[in-house]
Amino acid sequence: MNPYLARLFALAQQPSRRIIGLMSGTSLDGLDVALCRCKGHGTQLQTTLEHFATLPYSAEFRQRLRAISQPTVALQDVTILNAEVARQHAEMVLVCLQSWQVAAAEVDLIASHGQTIWHAPRHQHQQAGFPHHATLQIGDGDHLAALTGIITVADFRQKHVAHGFEGAPLAGYADELLFSSPTENRLLLNLGGIANFTYLPAQPTPGLPLTTDTGPGNTLLDAVTRQYFPGREYDENGAIAASGTAHPALLQELLSHPFFAAPLPKTTGPELFGPDYLHEAQLKTGTTSLPPADVLATLVELTATGVASAVQQCLPEAERPDVACYVSGGGSHNGALLQALQRHLPTARFASIDALGIPADAKEAVLFAVLANETVAGNPDISLGKICLP
(Lines give C-alpha, C1' and ligand atoms only; values in the text may rest on other atoms or scores of the structure.)
Protein backbone atom coordinates (compact mmCIF):
# COMPACT_ATOMS: atom_id res chain seq x y z
CA MET A 1 0.00 0.00 0.00
CA ASN A 2 1.13 3.55 -0.69
CA PRO A 3 2.60 4.66 2.67
CA TYR A 4 0.67 7.94 2.53
CA LEU A 5 -2.59 6.04 2.03
CA ALA A 6 -1.66 3.87 4.99
CA ARG A 7 -0.96 7.03 6.97
CA LEU A 8 -4.33 8.49 5.94
CA PHE A 9 -6.12 5.28 6.94
CA ALA A 10 -4.39 5.28 10.31
CA LEU A 11 -5.00 8.92 11.17
CA ALA A 12 -8.68 8.53 10.27
CA GLN A 13 -8.93 6.00 13.10
CA GLN A 14 -6.91 7.95 15.65
CA PRO A 15 -8.80 9.31 18.66
CA SER A 16 -7.61 12.82 17.70
CA ARG A 17 -5.87 14.68 14.89
CA ARG A 18 -3.71 17.81 14.73
CA ILE A 19 -4.88 19.86 11.79
CA ILE A 20 -3.71 23.19 10.40
CA GLY A 21 -6.62 25.21 9.05
CA LEU A 22 -5.82 27.87 6.42
CA MET A 23 -8.11 30.71 5.40
CA SER A 24 -7.56 33.55 2.96
CA GLY A 25 -10.71 35.58 2.44
CA THR A 26 -11.93 38.25 0.06
CA SER A 27 -10.29 40.99 2.13
CA LEU A 28 -6.91 39.66 0.94
CA ASP A 29 -5.17 40.93 4.07
CA GLY A 30 -3.22 37.73 4.59
CA LEU A 31 -3.34 34.06 5.53
CA ASP A 32 -4.94 32.88 8.76
CA VAL A 33 -3.14 29.81 10.13
CA ALA A 34 -4.78 27.84 12.95
CA LEU A 35 -3.25 24.71 14.48
CA CYS A 36 -6.10 22.72 16.02
CA ARG A 37 -6.47 19.50 17.94
CA CYS A 38 -9.66 17.76 16.79
CA LYS A 39 -10.73 14.94 19.10
CA GLY A 40 -13.45 12.64 17.79
CA HIS A 41 -15.87 13.77 15.11
CA GLY A 42 -19.49 14.68 14.53
CA THR A 43 -21.53 15.40 17.66
CA GLN A 44 -18.67 14.05 19.81
CA LEU A 45 -16.14 16.49 18.37
CA GLN A 46 -13.96 18.47 20.73
CA THR A 47 -11.72 21.11 19.14
CA THR A 48 -8.87 22.95 20.81
CA LEU A 49 -7.01 25.84 19.19
CA GLU A 50 -3.33 25.32 20.02
CA HIS A 51 -1.78 28.16 17.99
CA PHE A 52 -2.97 30.91 15.67
CA ALA A 53 -1.33 33.56 13.49
CA THR A 54 -2.22 35.82 10.58
CA LEU A 55 0.63 36.33 8.14
CA PRO A 56 0.11 39.43 5.98
CA TYR A 57 0.46 39.47 2.21
CA SER A 58 2.70 42.03 0.57
CA ALA A 59 0.98 44.98 -1.09
CA GLU A 60 2.18 43.73 -4.48
CA PHE A 61 0.75 40.25 -3.92
CA ARG A 62 -2.60 41.67 -2.74
CA GLN A 63 -2.81 43.76 -5.89
CA ARG A 64 -2.14 40.76 -8.11
CA LEU A 65 -4.87 38.77 -6.36
CA ARG A 66 -7.31 41.64 -6.82
CA ALA A 67 -6.38 41.90 -10.49
CA ILE A 68 -6.97 38.19 -11.05
CA SER A 69 -10.50 38.37 -9.57
CA GLN A 70 -11.92 40.18 -12.58
CA PRO A 71 -14.28 39.07 -15.38
CA THR A 72 -11.52 39.11 -18.01
CA VAL A 73 -7.98 38.02 -17.14
CA ALA A 74 -5.02 36.33 -18.79
CA LEU A 75 -5.19 32.57 -18.41
CA GLN A 76 -1.43 32.43 -17.82
CA ASP A 77 -1.81 34.75 -14.81
CA VAL A 78 -4.44 32.45 -13.29
CA THR A 79 -2.28 29.40 -13.93
CA ILE A 80 0.82 30.91 -12.34
CA LEU A 81 -1.02 32.30 -9.32
CA ASN A 82 -2.67 28.93 -8.72
CA ALA A 83 0.79 27.53 -8.00
CA GLU A 84 2.22 30.69 -6.45
CA VAL A 85 -0.56 31.08 -3.88
CA ALA A 86 -0.03 27.49 -2.77
CA ARG A 87 3.73 27.92 -2.54
CA GLN A 88 3.37 31.11 -0.49
CA HIS A 89 0.89 29.38 1.80
CA ALA A 90 3.24 26.42 2.22
CA GLU A 91 6.08 28.75 3.16
CA MET A 92 3.84 30.55 5.67
CA VAL A 93 2.81 27.24 7.24
CA LEU A 94 6.45 26.25 7.69
CA VAL A 95 7.27 29.66 9.18
CA CYS A 96 4.44 29.24 11.70
CA LEU A 97 5.47 25.71 12.61
CA GLN A 98 9.03 26.86 13.23
CA SER A 99 7.87 29.74 15.44
CA TRP A 100 5.56 27.40 17.36
CA GLN A 101 8.34 24.79 17.67
CA VAL A 102 6.12 22.12 16.10
CA ALA A 103 7.63 19.68 13.60
CA ALA A 104 5.74 19.10 10.34
CA ALA A 105 5.74 15.38 11.16
CA GLU A 106 3.65 16.18 14.25
CA VAL A 107 0.81 17.58 12.08
CA ASP A 108 -1.68 15.14 10.58
CA LEU A 109 -3.44 17.33 8.01
CA ILE A 110 -3.55 20.73 6.39
CA ALA A 111 -7.01 22.07 5.57
CA SER A 112 -6.69 24.69 2.84
CA HIS A 113 -9.57 26.83 1.66
CA GLY A 114 -7.46 28.42 -1.09
CA GLN A 115 -8.20 31.84 -2.57
CA THR A 116 -11.56 32.40 -4.24
CA ILE A 117 -11.04 34.30 -7.48
CA TRP A 118 -14.55 33.86 -8.91
CA HIS A 119 -17.82 32.67 -7.44
CA ALA A 120 -20.61 32.01 -9.92
CA PRO A 121 -23.89 30.62 -8.55
CA ARG A 122 -26.40 30.21 -11.36
CA HIS A 123 -28.52 33.19 -10.29
CA GLN A 124 -25.42 35.29 -10.80
CA HIS A 125 -23.85 33.93 -14.00
CA GLN A 126 -27.24 33.38 -15.75
CA GLN A 127 -25.74 31.21 -18.48
CA ALA A 128 -28.73 29.54 -20.16
CA GLY A 129 -26.62 26.65 -21.42
CA PHE A 130 -25.28 25.85 -17.94
CA PRO A 131 -28.07 25.89 -15.32
CA HIS A 132 -25.71 24.95 -12.48
CA HIS A 133 -23.49 26.61 -9.89
CA ALA A 134 -19.74 27.11 -10.25
CA THR A 135 -16.88 28.48 -8.19
CA LEU A 136 -13.10 28.68 -8.48
CA GLN A 137 -10.43 28.77 -5.80
CA ILE A 138 -6.70 28.83 -6.52
CA GLY A 139 -3.81 27.62 -4.36
CA ASP A 140 -3.30 24.02 -5.44
CA GLY A 141 -3.35 21.45 -2.65
CA ASP A 142 -0.70 19.22 -4.25
CA HIS A 143 1.85 22.01 -3.96
CA LEU A 144 1.00 22.46 -0.28
CA ALA A 145 1.30 18.75 0.40
CA ALA A 146 4.54 18.36 -1.54
CA LEU A 147 6.25 21.40 -0.01
CA THR A 148 5.23 20.74 3.61
CA GLY A 149 5.19 16.93 3.59
CA ILE A 150 1.73 17.07 5.19
CA ILE A 151 -1.38 15.39 3.73
CA THR A 152 -3.62 18.22 2.57
CA VAL A 153 -7.40 18.52 2.20
CA ALA A 154 -8.13 21.35 -0.23
CA ASP A 155 -10.69 22.79 -2.64
CA PHE A 156 -13.59 22.36 -0.22
CA ARG A 157 -16.23 24.15 -2.23
CA GLN A 158 -16.20 21.96 -5.33
CA LYS A 159 -18.02 18.95 -3.87
CA HIS A 160 -20.66 21.25 -2.39
CA VAL A 161 -21.23 22.59 -5.92
CA ALA A 162 -21.06 19.10 -7.45
CA HIS A 163 -23.99 18.04 -5.28
CA GLY A 164 -26.11 20.95 -6.46
CA PHE A 165 -25.41 23.48 -3.71
CA GLU A 166 -23.97 26.95 -4.21
CA GLY A 167 -20.53 26.35 -2.74
CA ALA A 168 -20.94 29.02 -0.06
CA PRO A 169 -21.21 29.66 2.74
CA LEU A 170 -19.80 26.43 4.17
CA ALA A 171 -19.54 27.62 7.76
CA GLY A 172 -22.83 26.07 8.83
CA TYR A 173 -21.51 22.50 8.89
CA ALA A 174 -18.74 23.30 11.34
CA ASP A 175 -20.71 25.98 13.21
CA GLU A 176 -23.28 23.37 14.20
CA LEU A 177 -20.61 20.97 15.47
CA LEU A 178 -18.65 23.61 17.38
CA PHE A 179 -21.17 26.08 18.70
CA SER A 180 -24.61 24.51 19.13
CA SER A 181 -26.17 25.04 22.55
CA PRO A 182 -29.22 23.31 24.08
CA THR A 183 -29.99 26.39 26.17
CA GLU A 184 -29.30 29.38 23.89
CA ASN A 185 -30.47 30.42 20.43
CA ARG A 186 -27.29 31.48 18.65
CA LEU A 187 -26.63 33.53 15.55
CA LEU A 188 -23.02 33.22 14.40
CA LEU A 189 -22.36 36.32 12.32
CA ASN A 190 -19.20 36.45 10.21
CA LEU A 191 -18.34 39.92 8.92
CA GLY A 192 -15.77 39.09 6.27
CA GLY A 193 -15.61 40.56 2.79
CA ILE A 194 -19.13 39.19 2.41
CA ALA A 195 -21.33 38.99 5.51
CA ASN A 196 -22.94 35.68 6.41
CA PHE A 197 -24.49 33.98 9.40
CA THR A 198 -25.51 30.60 10.74
CA TYR A 199 -28.61 30.44 12.92
CA LEU A 200 -28.48 27.67 15.53
CA PRO A 201 -31.72 27.36 17.53
CA ALA A 202 -31.44 25.78 20.95
CA GLN A 203 -34.17 23.26 20.13
CA PRO A 204 -34.17 21.17 16.93
CA THR A 205 -36.27 23.00 14.34
CA PRO A 206 -37.30 21.82 10.85
CA GLY A 207 -35.26 23.60 8.18
CA LEU A 208 -32.64 24.79 10.66
CA PRO A 209 -29.79 25.43 11.20
CA LEU A 210 -29.65 27.85 8.30
CA THR A 211 -26.52 29.40 6.82
CA THR A 212 -26.72 32.28 4.35
CA ASP A 213 -24.86 35.22 2.90
CA THR A 214 -26.53 38.56 3.57
CA GLY A 215 -24.65 40.92 1.24
CA PRO A 216 -21.49 43.02 1.43
CA GLY A 217 -19.47 42.90 4.61
CA ASN A 218 -16.10 44.63 4.38
CA THR A 219 -15.41 44.32 0.65
CA LEU A 220 -16.83 47.71 -0.39
CA LEU A 221 -15.78 49.45 2.82
CA ASP A 222 -12.18 48.38 2.21
CA ALA A 223 -12.28 49.30 -1.49
CA VAL A 224 -13.54 52.83 -0.78
CA THR A 225 -10.95 53.29 1.98
CA ARG A 226 -8.14 52.28 -0.37
CA GLN A 227 -9.50 54.59 -3.09
CA TYR A 228 -9.73 57.76 -1.00
CA PHE A 229 -7.08 57.14 1.65
CA PRO A 230 -3.92 55.79 -0.02
CA GLY A 231 -1.85 53.66 2.31
CA ARG A 232 -4.84 52.46 4.30
CA GLU A 233 -6.21 48.99 3.64
CA TYR A 234 -9.33 49.47 5.78
CA ASP A 235 -11.18 51.98 7.94
CA GLU A 236 -9.71 51.16 11.34
CA ASN A 237 -12.47 50.71 13.93
CA GLY A 238 -14.86 52.37 11.44
CA ALA A 239 -13.56 55.76 12.58
CA ILE A 240 -13.97 57.45 9.18
CA ALA A 241 -17.46 56.00 8.68
CA ALA A 242 -18.45 57.16 12.16
CA SER A 243 -17.53 60.74 11.18
CA GLY A 244 -19.85 60.66 8.15
CA THR A 245 -23.59 60.58 7.52
CA ALA A 246 -25.36 57.90 5.53
CA HIS A 247 -27.03 59.16 2.35
CA PRO A 248 -30.66 57.88 2.24
CA ALA A 249 -31.09 57.94 -1.55
CA LEU A 250 -27.80 56.17 -2.20
CA LEU A 251 -28.58 53.58 0.45
CA GLN A 252 -32.00 52.93 -1.06
CA GLU A 253 -30.53 52.50 -4.52
CA LEU A 254 -27.91 50.06 -3.24
CA LEU A 255 -30.62 48.07 -1.46
CA SER A 256 -32.75 47.89 -4.61
CA HIS A 257 -30.50 45.12 -5.96
CA PRO A 258 -32.55 41.90 -6.39
CA PHE A 259 -30.16 39.97 -4.15
CA PHE A 260 -31.61 41.56 -1.03
CA ALA A 261 -35.16 40.47 -1.87
CA ALA A 262 -34.15 36.91 -2.79
CA PRO A 263 -35.25 34.15 -0.39
CA LEU A 264 -32.86 32.54 2.07
CA PRO A 265 -30.45 30.81 1.92
CA LYS A 266 -28.44 32.59 -0.76
CA THR A 267 -24.86 33.27 -1.67
CA THR A 268 -22.93 36.06 -3.34
CA GLY A 269 -19.46 37.55 -3.62
CA PRO A 270 -17.41 40.61 -4.57
CA GLU A 271 -18.09 39.72 -8.21
CA LEU A 272 -21.56 41.18 -7.64
CA PHE A 273 -20.89 43.69 -4.87
CA GLY A 274 -17.79 45.37 -6.25
CA PRO A 275 -16.85 48.98 -7.06
CA ASP A 276 -18.98 48.97 -10.25
CA TYR A 277 -22.11 48.25 -8.22
CA LEU A 278 -21.38 51.23 -5.98
CA HIS A 279 -20.41 53.53 -8.86
CA GLU A 280 -23.60 52.78 -10.81
CA ALA A 281 -25.70 53.53 -7.73
CA GLN A 282 -23.88 56.82 -7.25
CA LEU A 283 -24.47 57.78 -10.88
CA LYS A 284 -28.18 57.05 -10.55
CA THR A 285 -28.48 59.12 -7.37
CA GLY A 286 -26.14 61.97 -8.31
CA THR A 287 -23.82 61.20 -5.40
CA THR A 288 -20.50 60.75 -7.20
CA SER A 289 -19.13 63.76 -5.29
CA LEU A 290 -20.32 62.54 -1.89
CA PRO A 291 -17.60 62.97 0.76
CA PRO A 292 -15.73 59.70 1.41
CA ALA A 293 -16.83 59.61 5.05
CA ASP A 294 -20.48 59.75 3.94
CA VAL A 295 -19.90 56.97 1.38
CA LEU A 296 -18.41 54.80 4.12
CA ALA A 297 -21.25 55.64 6.51
CA THR A 298 -23.73 54.63 3.80
CA LEU A 299 -21.90 51.35 3.22
CA VAL A 300 -21.93 50.59 6.94
CA GLU A 301 -25.71 51.02 6.83
CA LEU A 302 -25.87 48.79 3.76
CA THR A 303 -24.07 45.94 5.53
CA ALA A 304 -26.13 46.33 8.71
CA THR A 305 -29.40 46.52 6.79
CA GLY A 306 -28.53 43.42 4.75
CA VAL A 307 -27.75 41.46 7.90
CA ALA A 308 -30.85 42.68 9.74
CA SER A 309 -33.14 41.94 6.81
CA ALA A 310 -31.85 38.37 6.56
CA VAL A 311 -32.18 37.87 10.33
CA GLN A 312 -35.76 39.13 10.19
CA GLN A 313 -36.53 36.66 7.39
CA CYS A 314 -34.90 33.81 9.31
CA LEU A 315 -36.16 34.43 12.85
CA PRO A 316 -39.77 34.99 13.87
CA GLU A 317 -40.14 38.32 15.66
CA ALA A 318 -40.93 36.56 18.95
CA GLU A 319 -37.55 34.78 18.88
CA ARG A 320 -35.35 37.81 18.18
CA PRO A 321 -35.09 39.00 21.80
CA ASP A 322 -33.84 35.53 22.74
CA VAL A 323 -30.98 35.29 20.28
CA ALA A 324 -27.31 35.75 21.15
CA CYS A 325 -25.32 37.07 18.18
CA TYR A 326 -21.64 36.08 18.22
CA VAL A 327 -19.55 38.11 15.78
CA SER A 328 -16.33 37.13 13.96
CA GLY A 329 -14.32 38.31 10.95
CA GLY A 330 -12.61 41.59 10.23
CA GLY A 331 -15.84 43.54 10.67
CA SER A 332 -15.96 42.48 14.31
CA HIS A 333 -13.32 45.20 14.88
CA ASN A 334 -15.40 47.92 13.17
CA GLY A 335 -17.09 49.89 15.93
CA ALA A 336 -19.30 51.86 13.55
CA LEU A 337 -20.60 48.66 11.98
CA LEU A 338 -21.29 47.00 15.33
CA GLN A 339 -23.22 50.07 16.49
CA ALA A 340 -25.27 50.02 13.29
CA LEU A 341 -26.06 46.34 13.75
CA GLN A 342 -27.23 46.96 17.30
CA ARG A 343 -29.52 49.75 16.05
CA HIS A 344 -31.03 47.48 13.41
CA LEU A 345 -31.37 44.52 15.77
CA PRO A 346 -32.01 46.27 19.10
CA THR A 347 -33.17 43.20 21.01
CA ALA A 348 -30.29 40.91 20.00
CA ARG A 349 -27.42 40.36 22.44
CA PHE A 350 -24.11 40.97 20.66
CA ALA A 351 -20.76 39.53 21.72
CA SER A 352 -17.50 38.47 20.11
CA ILE A 353 -17.12 34.79 19.19
CA ASP A 354 -14.19 34.97 21.62
CA ALA A 355 -16.78 34.36 24.34
CA LEU A 356 -17.25 30.84 22.96
CA GLY A 357 -13.54 30.04 23.11
CA ILE A 358 -12.42 30.80 19.53
CA PRO A 359 -10.77 34.16 18.68
CA ALA A 360 -12.81 36.15 16.17
CA ASP A 361 -9.95 36.34 13.68
CA ALA A 362 -9.27 32.59 13.89
CA LYS A 363 -12.80 31.26 13.46
CA GLU A 364 -12.78 30.71 9.68
CA ALA A 365 -9.45 28.87 9.72
CA VAL A 366 -10.66 26.70 12.61
CA LEU A 367 -13.83 25.88 10.70
CA PHE A 368 -11.86 24.49 7.77
CA ALA A 369 -9.76 22.38 10.13
CA VAL A 370 -13.04 20.94 11.43
CA LEU A 371 -14.29 20.28 7.91
CA ALA A 372 -11.07 18.42 7.07
CA ASN A 373 -11.47 16.37 10.23
CA GLU A 374 -14.99 15.39 9.19
CA THR A 375 -13.85 14.59 5.64
CA VAL A 376 -11.22 12.16 6.88
CA ALA A 377 -12.80 10.70 10.01
CA GLY A 378 -16.44 11.70 10.12
CA ASN A 379 -19.82 11.40 8.47
CA PRO A 380 -19.72 11.14 4.65
CA ASP A 381 -22.52 13.71 4.55
CA ILE A 382 -19.87 16.29 5.49
CA SER A 383 -17.19 15.05 3.11
CA LEU A 384 -15.79 18.11 1.40
CA GLY A 385 -12.46 18.71 -0.25
CA LYS A 386 -9.86 16.82 -2.24
CA ILE A 387 -7.19 14.80 -0.45
CA CYS A 388 -3.70 15.59 -1.72
CA LEU A 389 -0.81 13.32 -0.79
CA PRO A 390 2.77 14.66 -0.46
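**Close-up 1. The largest cavity and what lines it.** Helix α12 (residues 292-314) is the top contributor to the lining of the largest cavity, giving four residues; helices here are DSSP runs of H or I with at least four residues, strands are E runs of at least two, and both are numbered from the N terminus. This is a predicted model, so local features need pLDDT of at least 70 and side-chain atom pairs count only at pLDDT 80 or more, while totals for chains, interfaces and linings use all residues. Residues are numbered from 1 along each chain as its sequence is written, and side-chain values use heavy atoms, with hydrogens and water left out. The lining is made up of T214, F260, K266, G306, S309, A310 and Q313. Sorted by class, that gives two nonpolar, four polar and one charged (Ala, Val, Leu, Ile, Met, Phe, Trp, Tyr, Cys and Pro count as nonpolar, Asp, Glu, Lys and Arg as charged, and the others, Gly among them, as polar). The volume comes to about 30 Å³, and the count is one cavity of 30 Å³ or more. A cavity is a set of points on a 1 Å grid over the protein atoms alone where a 1.4 Å probe fits but cannot get out; a pocket is an open set with protein on both sides within 12 Å along at least five of seven lines; lining residues have an atom within 4 Å of a point. Points are joined across faces, edges and corners, and a volume is the space filled by probe spheres set on them.

**Close-up 2. The second largest pocket.** This one holds about 360 Å³ of space. It has 14 lining residues, and H160, P169, Y173, P209 and T211 are the closest to its centre. α7 and β10 are the elements that give two or more residues, with α7 giving the most, three. The class tally for this pocket is eight nonpolar, three polar and three charged residues.

Close-up 3. Contact means heavy atoms within 4.5 Å; axes are lines fitted to C-alpha atoms, for helices over the stretch in contact, and angles run from 0 to 180 degrees between N-to-C directions. Over at β11 (residues 323-328), four bridges tie the strand to β12, and the two run parallel. V327 sits opposite S352 in β12.

**Close-up 4. Helix α8 against α12.** The axes of α8 (residues 219-228) and α12 come within 9 Å and cross at roughly 175°. The two are therefore roughly antiparallel, a label for angles over 145 degrees. α8 brings L220, L221, V224, T225 and Y228, and α12 brings P292, V295, L296, L299, V300 and L302. By class, this contact has 10 nonpolar, one polar and no charged residues.

Close-up 5. A cis peptide bond runs from A168 to P169, with omega near -15°, and P169 is in the loop between α6 (157-162) and α7. L264 and P265 are also joined by a cis peptide bond, with omega about -10°; P265 lies in the loop between α10 (248-255) and α11 (275-285). L28, a residue other than glycine, has a positive phi near 60°.

Key: Two strands pair if DSSP finds at least two bridges between them. Angles under 35 degrees count as roughly parallel, over 145 as roughly antiparallel, 65 to 115 as roughly perpendicular and the rest as oblique.
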